[in-house]
Amino acid sequence: MFRKIFIALVFINFFSLFASSILLGGDGLNGKQVDGHFFLGSHGKYTEVSEAVYTYSRIHGISLFIMVGIVLIMHLIDRETKNRPPR
């Protein structure tokens, strides 16, 4: 049950990052910081935003990678335990 809820949260996180990237003009993972100015990046175009928006977008993107990694680890553990012969 926990796994299904967590996977649902990963999908929600992905689509919310996707939507925020469209609305804000990019994301913090593809963005940059230049001389105290903060930019979100998307396909080589940059949109200047506040430091708070840049930080939010960056953390949001990093959280998605972490969550996907956890799902992959959960899958590998589940697969290993199902293939193990009974003792």
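Trainee: What makes up the accessible surface of the chain?

Mentor: This is a predicted model. The accessible surface of the chain comes to about 6600 Å². Carbon and sulfur atoms hold 67% of that area.

Trainee: How many of the residues are buried, and what makes a residue count as buried?

Mentor: Buried means under 20% relative accessible area. Of the 87 residues in the chain, 25% are buried.

Trainee: Which elements does the chain have, and in what order do they run?

Mentor: The chain has two helices and three strands. From the N terminus on, the order is α-β-β-β-α.

Trainee: Why is the chain called more spread out than a compact globule?

Mentor: Set the value against the rule. The globule rule gives 12 Å for 87 residues. The radius of gyration of the chain is 17 Å, well over that, so the chain is more spread out than a compact globule. The C-alpha trace spans about 60 × 20 × 20 Å along its principal axes.

Trainee: Where does Phe14 lie?

Mentor: Phe14 lies in helix 1, residues 2–24.

Trainee: Why does Phe14 count as partly exposed?

Mentor: Its relative accessibility is 41%. Buried needs under 20%, exposed over 50%. Phe14 falls in between, so it counts as partly exposed.

Trainee: How far apart are Phe14 and Val68, in sequence and in space?

Mentor: Phe14 and Val68 are 54 residues apart in sequence. Their C-alpha atoms are 9.5 Å apart.

Trainee: What share of contacts joins residues 24 or more positions apart?

Mentor: Such pairs account for 46% of the contacts in the chain with a separation of 6 or more.

How values were computed:
Residues are numbered from 1 along each chain as its sequence is written. This is a predicted model: local features need pLDDT of at least 70, side-chain atom pairs count only at pLDDT 80 or more; totals for chains, interfaces and linings use all residues. Side-chain values use heavy atoms; hydrogens and water are left out. Helices (H or I, at least four residues) and strands (E, at least two) are DSSP runs, numbered from the N terminus. The radius of gyration is taken over C-alpha atoms; the globule rule is 2.2 Å times the number of residues to the power 0.38. Buried means under 20% relative accessible area, exposed over 50%, partly exposed in between (1.4 Å probe, protein chains only). Contact means heavy atoms within 4.5 Å. Accessible areas come from the Shrake-Rupley method with a 1.4 Å probe; for residues, only the protein chains shown count as cover.
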